[in-house]
Amino acid sequence: MRKNILAPSMLSADFKILGEQLKQTEEAGAQYIHFDVMDGIFVPSISFGMPVLSSVKGFTDQVLDVHLMVTEPIRYIKDFAACGADIITIHLEACEDPGKTLDEIHACGVRAGISIKPGTPVEALLPYLEQADMFLIMSVEPGFGGQAFIPESLGRIRELRDMLNERGLEKDVEVDGGIYHSNVAEVLDAGANVIVSGSGVYKGDIRKNTAGFMEILRNHE
Ligand code: DX5
Ligand code: ZN
């Protein structure tokens with residue numbers, strides 16, 4: 001049985017009370033903290049980086065799921081590993097040599113993920129199916145929280161899960177962008193098992209939002 005995981009995206013948190021809000025997601029059952037790093041080049045916006053990760057590390061027992069929206073992320077893998085990342089996901093489109101970058105993540109003792117933007121064909125992941133531990137399908141253009149889920153993403157999730165199943169690979173498929181209580185069931189049914197949500201968790205009652213997601217996730221295991 002595949003385990004479903006909720007990864008609330010910290011990008012939508014209120015940073016003046018960040019610790020308190022992270023605890024609320026943990027207490028309501030969210031297993032991961034999704035940590036979005038943006039460099040202002042691969043994506044237009046700039047978010048946060050190493051010092052914030054170090055500060056969050058160990059504050060909760062949640063897994064630190066670091067999503068690098070950064071050009072040539074190989075330059076920073078050691079730094080993010082040293083700051084406590086448990087999973088590092090890089091973008092296929094951002095790397096000259098994605099395979100080498102995934103190797104670098106593994107060499108640091110960290111789980112390695114690879115992500116594609118909505119316009120990148122799913123088959124581009126084929127060379128990395130064995131190597132990566134997690135595959136992230138972006139269901140919005142990376143760069144900002146609060147965007148609408150792109151419906152074509154469902155077919156892309158299915159395609160990826162089929163590619164993995166055909167090869168007997170039981171790996172994590174993460175989906176990120178525009179996911180709420182209202183559409184998460186479809187995303188799970190398509191084959192995803194790691195659900196990122198920023199606005200869907202942090203806008204409004206965080207405990208209630210998290211608990212609502214967890215109930216749907218458990219019902220789909
Ligand atoms: C977007 C980020 C997402 C974002 C999701 O580039 O990678 O993780 O925070 O936010 P929502 O759930 O609001 O679309
Ligand atoms: Zn993200």
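Student: Let's start with V70: buried or exposed?
Tutor: V70 counts as buried because its relative accessibility is 4%. Buried is under 20% relative accessible area, exposed is over 50%, and partly exposed is in between, with a 1.4 Å probe and protein chains only. Keep in mind that this is a predicted model, where local features need pLDDT of at least 70 and side-chain atom pairs count only at pLDDT 80 or more, while totals for chains, interfaces and linings use all residues. Residues are numbered from 1 along each chain as its sequence is written, chains are lettered from A and ligands numbered from 1 in the order in which they are written, and side-chain values use heavy atoms, with hydrogens and water left out.

Student: Where is V70, then?
Tutor: In the loop between β3 and α3. Helices (H or I, at least four residues) and strands (E, at least two) are DSSP runs numbered from the N terminus. V70 and D36 are 34 residues apart along the chain, with 9.9 Å between their C-alpha atoms.

Student: And what about E72, which loop is that in?
Tutor: E72 is also placed between β3 and α3, the latter being residues 77-82. Its phi is positive, about 45°, although E72 is not a glycine. E72 counts as partly exposed because its relative accessibility is 23%.

Student: Switching to the ligand: which residues come nearest to ligand 1?
Tutor: D36, G143, D176, G198 and S199 do, out of 20 residues around ligand 1. Near means that a heavy atom of the residue lies within 4 Å of the molecule or strand.

Student: What distances do you get from side chains to its oxygen atoms?
Tutor: For S199, an N or O atom of the side chain is 2.6 Å from an oxygen atom of ligand 1. The side chain of D36 has an N or O atom 2.8 Å from a ligand oxygen, and a polar side-chain atom of S9 is 2.8 Å from an oxygen of ligand 1. The protein covers 100% of the 380 Å² of accessible area that ligand 1 has on its own. Those areas come from the Shrake-Rupley method with a 1.4 Å probe, and for residues only the protein chains shown count as cover.

Student: Which elements supply the shell?
Tutor: β2 (32-38), β3 (63-69) and β8 (194-197) each give at least two residues to the shell around ligand 1. The largest share, three residues, comes from β2.

Student: How many of the shell residues are nonpolar, polar or charged?
Tutor: Seven are nonpolar, 11 polar and two charged. Here Ala, Val, Leu, Ile, Met, Phe, Trp, Tyr, Cys and Pro count as nonpolar, Asp, Glu, Lys and Arg as charged, and the others, Gly among them, as polar.

Student: Okay, off to the helices. Why does E104 count as buried?
Tutor: Because E104 has 19% relative accessibility. E104 belongs to helix α4, residues 98-107. Its side chain makes a polar contact with the side chain of K78, at 3.0 Å. A polar contact is a pair of N or O atoms within 3.5 Å; within protein, one must be able to donate a hydrogen and the other to accept it, and residues adjacent in sequence count only if both atoms are side-chain atoms.

Student: What about M163, buried or exposed?
Tutor: M163 counts as buried, at 9% relative accessibility, and is part of helix α5 (residues 153-166).
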